[in-house]
Amino acid sequence: MGHYILRRFFTSIAALFIATIAVFMVLRILPGDAVLSILADTPHSVQMREALRNELGLDKPAYVQYLTWLGRIFDGSFGGRSFETGGQIGELIAAQLPVTLLVSGYSIILSCIWALPTGFIAGYKPGKLRDKFLNVFSLIGLSVPNIFAASIVLVGLLKIFRWSPPIIYSTPNENLAEHLYMAIWPVLILSLEYGSHLLRTVRAAVGETLKTQYIRGAKARGINPVSLLLRHAMPPVASITFSVAAAHFSALIGGAIVLEAVFGLPGVGRGLVQAAIARDFPVIQSYSVLLVGAFLLIQMAVDVLQRFLDPRQRTAETVFSR
Amino acid sequence: MSYHCLNKISFRYVKPAFFVLLFLLTTALSSVYPQTPVYGGVLTLANRGDPPAGFDSMRTSSIALHHVGGAIFGPGNLVMRCRENSYDVCPYLATYWTANREFTEWTFAIRTDVYWHDGVKFTAEDVKFWFDLVFFGAEGGGNKRAPAYFSKELGNIEKIELLEHNRIRLVFKQRNPYFPEILANPRFKIAHPKHLMQPAIDEGNVSVSPLDVGLIGVGPFSLSQYRKGSLIRVVRNDSYFEVDDSARQLPYLDRIDYVIMPDPFAMDIAFRTGRLDGGARGQGHYLSAERIEGYQRDLGSDVYFAKTDGGNFRLAFNLLRDGPWQDSRVRRAIALWIDKPAAITSALGGFGWTTPDLGPPDLPVLRYFINWPKFDREPLDTRRDKALALMEEAGYADGFTMDHLVRGLNPVTGEFLKAQLAGLGIDLNLRIVDEGEWNRARVSLDYDSQQGRLTPSPIPEGTLSVYGRYSENPDAYAKHEDAKIDQLYFDLSNATSIEQRIRLWREIEKYLFYDMTYIVPIAESVYVVPYRSYVKGLAVPVEDAHTHTDFATVWLD
């Protein structure tokens with residue numbers, strides 16, 4: 001297992017390194033110019049533009065720019081300064097990351113609370129009315145775009161209650177009630193989509209698992225249904241669910257990006273969109289490292305957990321190693 | 001009845017009668033005289049986004065900065081646009097100014113009662129430091145800071161001298177007769193305290209921004225809290241120097257909360273549910289007629305709408321790229337063909353003005369230089385017949401295809417033009433781009449036509465940056481290298497009387513919009529910002545939404 005984790009760690013580092021090069025190159029290919037985005041609607045001369053390009057180091061060869069940025073990833077500033085705001089990227093991320101983590105965390109917790117039991121219920125006796133109902137419900141959850149759901153929620157609150165969520169973000173420590181009033185709406189919308197993925201995955205996994213030989217054997221031995229589900233069916237279902245949940249993590253972040261803007265949450269998603277519009281290269285690159293790193297880390301954690309939960313994978317690994 | 005008893009009865013009636021009289025008098029007076037502003041209260045406004053470039057007014061003119069910047073850094077520079085008439089120049093950080101006979105030297109006396117928010121006295125040295133940064137940039141630790149984007153606009157500087165008695169002199173290489181009018185541009189805010197920035201520059205941090213040094217300004221409010229992406233909170237600056245007409249100290253408000261709201265839809269909902277006292281300024285956030293209906297439905301008379309002349313909706317040609325638009329008859333035909341009043345409802349959200357009007361009907365102040373749409377005032381049918389004849393004469397009776405650069409943030413203007421020009425046989429190929437590409441493309445020669453973006457200074461000399469030659473003014477709306485424009489602007493800047501100035505400005509307009517038709521002005525847009533009815537004392541500029549963003553005179557009823 002230790003050897004496996006070490007191997008995964010180094011492949012993740014290599015993937016992260018490749019991702020930084022890819023992001024750097026893609027940003028340079030994209031139409032647009034960071035200097036002109038900064039100057040935006042100002043009547044500037046060509047000399048002024050070039051002087052600013054020089055000041056920001058954008059007149060240097062691409063590889064020098066890349067290495068400079070890479071060096072700044074490790075010097076504590078996490079990529080240097082933002083072209084657009086002039087602020088330290090590390091400080092920017094330190095302020096925005098907790099917001100996104102909280103919203104994503106709440107969404108994952110809420111999704112697990114409602115989607116896992118309902119998935120089990122639906123999968124345990126497929127084809128029943130409740131299964132059909134949950135199927136339709138999850139289909140709606142997957143089909144409704146986040147931005148549309150957000151609009152419906154806001155207009156609904158306005159029309160029915162003459163109320164809208166708070167507009168100034170508070171951390172849980174500052175004002176828990178205001179924090180929850182503000183965060184609950186994007187969390188509900190995100191968990192509707194994310195939970196629907198989980199529900200359908202759990203339903204399918206439970207259905208498949210219950211058809212397997214060893215479950216049928218266990219049933220024949222007269223094991224009670226609760227024990228059957230929790231002790232015998234749960235490990236393979238959990239393994240599949242973890243892998244699907246991790247795969248949809250990027251969709252969760254994508255949804256958060258949209259909803260943070262609508263609900264005024266100062267998170268990573270909103271920061272990333274703003275940076276992309278402004279062609280703020282160092283910020284986009286640093287955010288990309290962060291997101292790719294987080295994604296790789298989660299994938300690695302899920303793979304390790306899967307091996308831990310599912311003995312078949314450990315066996316396969318051992319056989320493969322021999 | 002004894003005298004004592006009579007006195008008792010009369011006193012019993014006199015006392016209430018006195019209060020009734022007092023009440024009636026107060027009511028009568030309050031209807032005659034405006035209400036007295038009251039101190040206190042918190043104003044909550046939406047802001048389009050986080051101010052870019054570290055709040056550096058030398059780097060950006062973004063409204064996201066200047067909507068907030070007025071409160072922190074003040075509404076002006078040494079001079080400002082007057083609150084009662086934004087076309088006049090009033091003193092701000094200077095008490096008076098003089099020029100030599102040739103208008104090459106300008107001397108300003110700096111106020112002695114101004115303090116930075118950290119308590120340090122503001123002096124002529126700070127002004128010199130600011131002008132040095134503007135004109136020459138800075139050097140430190142082997143690094144170079146670029147001059148301010150507007151350095152050329154201020155004139156061709158020779159030297160900046162510190163004089164005794166807290167005065168400063170700017171010496172220009174050429175005549176600069178309208179320097180105070182140019183300097184009154186609210187974009188030129190002093191946000192650069194020498195005592196905080198000089199040490200950073202000396203250490204090599206030449207890009208040091210106002211944000212890096214804690215957003216220390218001299219404006220009516222000082223920064224209390226900045227949470228990127230969420231909130232900018234400013235509180236009353238108790239040592240602010242401006243006073244109102246009754247010699248009461250400004251500002252009236254205790255605090256302003258600027259809530260960062262990039263999404264106009266979220267702003268609408270928040271305003272309509274009472275979470276905001278005022279809307280954001282900026283494209284996309286300005287209200288359309290449709291959105292206003294929702295505001296009025298929910299809030300009725302509890303909301304009012306501040307209107308400011310916005311940018312001009314125009315079609316500008318790239319004369320440095322081959323195509324049928326090289327022929328002036330084709331450009332003239334396009335100008336004649338477009339149904340300009342239709343643009344107001346179809347492309348400008350229902351607010352604007354255009355030909356045949358000479359300006360908005362309720363013009364509050366005299367504006368000598370803003371009445372361009374006086375060309376092509378015949379009925380539309382007559383104009384369109386002429387347009388078709390011109391196209392035939394030019395050999396393009398069957399039309400042609402032309403690229404048109406469109407800003408993704410507001411594609412409706414492009415769609416309007418495409419629909420209009422289809423009738424003339426012109427296939428307008430819309431190239432809708434995002435903000436990043438828009439900022440690059442509009443200063444490039446990659447497209448056949450565009451609308452441009454830059455809002456120039458309202459004084460005519462300030463428009464050179466958008467009407468001048470491309471090689472000198474890359475952000476010019478039309479891309480051309482017509483040297484006659486330079487000559488016309490040179491003459492304008494050397495005009496010695498207002499009559500001469502107006503005549504020359506009319507000549508420039510005619511040359512640009514009629515004789516050569518480099519640009520087709522379509523309609524003047526009007527920006528609409530909502531405020532709650534209890535927000536009083538707002539100085540609403542007639543033109544240019546960057547003006548009067550200090551909110552020093554605002555109070556809550």
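Trainee: What share of the 322 residues in chain A is buried?

Mentor: Buried residues make up 36% of the 322 in chain A. A residue is buried if 20 or more other C-beta atoms, placed from the backbone, lie within 10 Å of its own, exposed if 12 or fewer do, and partly exposed in between. This is a predicted model: local features need pLDDT of at least 70 and side-chain atom pairs count only at pLDDT 80 or more, while totals for chains, interfaces and linings use all residues. Residues are numbered from 1 along each chain as its sequence is written, and chains are lettered from A and ligands numbered from 1 in the order in which they are written.

Trainee: How many helices and strands are there in chain A?

Mentor: Chain A has 14 helices and zero strands. Both are DSSP runs numbered from the N terminus, with at least four residues (H or I) for a helix and at least two (E) for a strand.

Trainee: And what box do the C-alpha atoms of chain A fill?

Mentor: Roughly 85 × 65 × 35 Å, taken along the principal axes.

Trainee: Is H12(A) enclosed or open?

Mentor: Eight of the ten residues of H12(A) are buried, so this helix is largely enclosed by the rest of the structure. Among those buried are Val268(A), Arg270(A), Leu272(A) and Ile277(A).

Trainee: What covers the buried residues of H12(A)?

Mentor: The cover includes H5, H11 and H13 (281-309) of chain A, together with H13 (435-441) of chain B. Just after H12(A), Arg279(A) has a positive phi of about 55°.

Trainee: How many residues does each chain give to the contact between A and B?

Mentor: Chain A gives 45 and chain B gives 56. Two residues are in contact if their C-beta atoms, placed from the backbone, lie within 7 Å.

Trainee: Which helix of chain A gives the most to that side?

Mentor: H3(A) does, with six residues. By class, the side of chain A that touches chain B has 23 nonpolar, 15 polar and seven charged residues. Ala, Val, Leu, Ile, Met, Phe, Trp, Tyr, Cys and Pro count as nonpolar, Asp, Glu, Lys and Arg as charged, and the others, Gly among them, as polar.

Trainee: Over to chain B. At what angle do H9(B) and H11(B) pack?

Mentor: H9 (328-337) and H11 (380-393) of chain B pack at about 160°, with their axes 8 Å apart. Axes are lines fitted to C-alpha atoms, for helices over the stretch in contact, and angles run from 0 to 180 degrees between N-to-C directions. That makes H9(B) roughly antiparallel to H11(B). Angles over 145 degrees count that way, under 35 as roughly parallel, 65 to 115 as roughly perpendicular and the rest as oblique.

Trainee: Which residues meet there?

Mentor: From H9(B), Val330(B), Leu336(B) and Trp337(B) are among them, and from H11(B), Arg383(B), Leu390(B) and Glu393(B) are among them. The contact has seven nonpolar, no polar and six charged residues.

Trainee: In what order do the four strands of the open sheet in chain B come?

Mentor: The order is E14-E18-E13-E17, with antiparallel pairing. Strands pair if DSSP finds at least two bridges between them. E14 (352-353) and E17 (449-450) of chain B stand at the edges, each with a single partner strand, so one side of each has no neighbour in the sheet.

Trainee: How many bridges join E13(B) to E17(B)?

Mentor: Two. Ala316(B) stands opposite Gln450(B) in E17(B).
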